[in-house]
Amino acid sequence: MIVAGAPVRLWRGRPYPLGATWDGAGTNVAVFSEAAAADPSGSVWLCLFDDSGAEIPVELPERVGSVWHGYLPDVGPGVRYGFRVTAARRGPGDLQERSKLLLDPYARAVSGSVRWTDSVQPDSDLDSALDVPRSVIVNPWFDWGDDRRPGTPWHRTVLYEAHVRGMTARHPDVPPEHRGTYLGMCSPPVIDHLQRLGVTAVELMPVHQFISSRRLVELGLRNYWGYDSIGFFAPHNLFAVGGDRGQQVREFKVMVQTLHQAGIEVILDVVYNHTAEGGAGGPVLSFKGLDNAAYYRLDPNDATRYVDYTGTGNSLNMRNPHVLQLIMDSLRYWVEEMHVDGFRFDLAAALARELHDVDRLSAFFDLIQQDPVISRVKLIAEPWDVGEGGYQVGNFPPGWSEWNGRYRDCVRDLWCRNANVLGEFASRLTGSSDLYEHVGRRPHASINFVTAHDGFTLRDLVSYAHKHNEANGEDNRDGTDDNRSTNCGVEGETDDAEVNSRRERLRRNLLATLLLSQGVPMLLAGDEIGRTQGGNNNAYAQDNEVSWLDWSAADSSLLDFTRRAVALRAAEPTLHRRRFLTGAAVDAAGRPDVAWFRLDGQLMGSEDWNDGDPGVVVWLNGELGETDKRRTPVVGRSVIVALNATWSEVELRLPDRSWGEQWDLLLDTTAADVHEESWSAGSTLMLPAAAVVVLGAAVGVLSG
């Protein structure tokens, strides 16, 4: 316990590990500031706060290189602290100012939030201590018991992108005090929903400590998505039930442990490309005050300006070894101490920029590749940023998977815009080998998605032709206009039965296509129950009913269909292959692993791909030509997927018996529930308008 006015013992300490590390007896503190080290009179002060909020400043006594450090034998978990830097401001890029209380970049927990006063501005001499959050010393001990990572193979992975708060803020079966929290995310009703849905991993939107910008606060809004990180080691404090003095760390661990017990992996959406401090004129909260020029990319011609590849005002300086160390230390912390199973990197192309161009072999990727911890977890890139040349789908190294934006666009074009994209669609359905195979990557390199947090929900994708973002306070200028959506004849919600029937059909078609495609499917939380955002395609500031899942309005029929489609994918090895399809013979009869047919039952020729035929049939061989981990051949049953993307019923003739004797119905997007039906080879059936029908060879299903 510390009290203002009482002496604080401070020993020499160690320069590593960085941050405030409690060892059971005391706390070692270490922080990087090259800006302070470069000034002969520079210093770094550790500012402790007692329970009354009184500040107790102590100067860190030692420095090794640019790392300042000390050891406090009487200080332990729950104590709040910050830093102040005293150093000459030698040039326009230097922002060291004693009046600014700074968060520890390595803080394991953060208490409080930002109050938007002039004190946090870089040109203000006002003391910011009363207006900024504090770092918190935490007790790292946690009884993980027999926690084991599920280790789901990539080819059997089904991702579920979710928001910790939005998932349970309106869930009637979650205890009120747990709604919108880590404990709510792992509550029995949510676990039951995820398991029955059949997803294998939750991809959580940002949980690193983040803030709401001044503009949002003044508009009465709040940063909901969380893509404004200020603490790369700290779980966001507002998602905790028990307070923000370190309890958020324990509750996050409980969430991971509970999800693991249910066989569900935890993947974090991480934002290492920029921070919440923004560009010129943005607040001084941590990195800017410690060492602006080291942490951020500054314009070489004008150090008061920030290089911005992210559209948020700044970009972290990936050329600085201390920044690379920060990111790698953060990633290892979340894997080793918090037990997460992987990461999705926001605007990952920005991390690859060494100088200007995106460099696939940049230092960041080299570090990931050689790291014995991070290289072994699931790594997913959002393969673009907003800078020139930033769209890098297909260009990430082996070992990485990518959000496949080309998959999203093509599938939307097919179902929502009736575009003639059959040739490209064939590539997207079969794993996008044209994008990934050239450097030895596998189908799991393609994270297939139709909807994500950024854009329309599935329900809105087929209900709105235009975005409706007025609630964001930007006069509907924000958010993309390239939605590739349809309103089926009426903008927004309607009582028109025919319009609603079309929308229901399209939702099932889009979900079926996603779950039948090779690669890794990603569902957006709430799409399976018909969630709407009222046409808002950029709900980043809507921490309210616009974004939260409305469980009371769940579409039970759509949920049942989604469960069946996920279960079908899991049951059929043919639908989740480890290797790309080649068209080469794989069985004793000389049949290929995949074949494409016209609606008349004849094999497609090269001229058929662009003739505007309203439908297509793909045959997938149950003898995959693959082996399992014991090198035993993987055999399932052959599958036929028939698609009709028009709003007219068409006649379909099944292939002759050389491709299979008898076919059973496995899935039909026009049917509200399951029904049994079968056809013999060469039979003719009517393929309904706007439909996906899946047939399976009438033989026993062997395990894959």
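A crossing of two helices is left-handed if the near helix is turned anticlockwise from the far one by less than a right angle, and right-handed if clockwise. The model toured here is predicted, so local features need pLDDT of at least 70 and side-chain atom pairs count only at pLDDT 80 or more, while totals for chains, interfaces and linings use all residues. Residues are numbered from 1 along each chain as its sequence is written, and side-chain values use heavy atoms, with hydrogens and water left out.

Select residues 321-336, helix α8, together with residues 363-370, helix α9 (helices are DSSP runs of H or I, at least four residues, numbered from the N terminus). The two axes come within 11 Å and cross at roughly 35°; axes are lines fitted to C-alpha atoms over the stretch in contact, with angles from 0 to 180 degrees between N-to-C directions. This crossing is right-handed.

Display the side chains next. L324, I327, M328 and L331 of α8 meet A363, F364, L367 and I368 of α9, where contact means heavy atoms within 4.5 Å.

Now select F343. Its contacts include L331, W334 and V335, as well as I267 and V377. Together with Y160 and F345, F343 touches the most other members of the largest nonpolar core, which has 172 residues (a set of buried Ala, Val, Leu, Ile, Met, Phe, Trp, Tyr and Cys residues joined through side-chain atoms within 4.5 Å; buried means under 20% relative accessible area, with a 1.4 Å probe and protein chains only). Helix α8 gives the most to this core, with nine residues.

Finally, select C416. C416 counts as buried because its relative accessibility is 8%.

Technical notes. Buried < 20%, exposed > 50% of the residue type's maximum accessible area, 1.4 Å probe, protein only. Helix = DSSP H or I, 4+ residues; strand = E, 2+ residues; numbered from the N terminus. Lists of a residue's contacts leave out its neighbours within four places in sequence.
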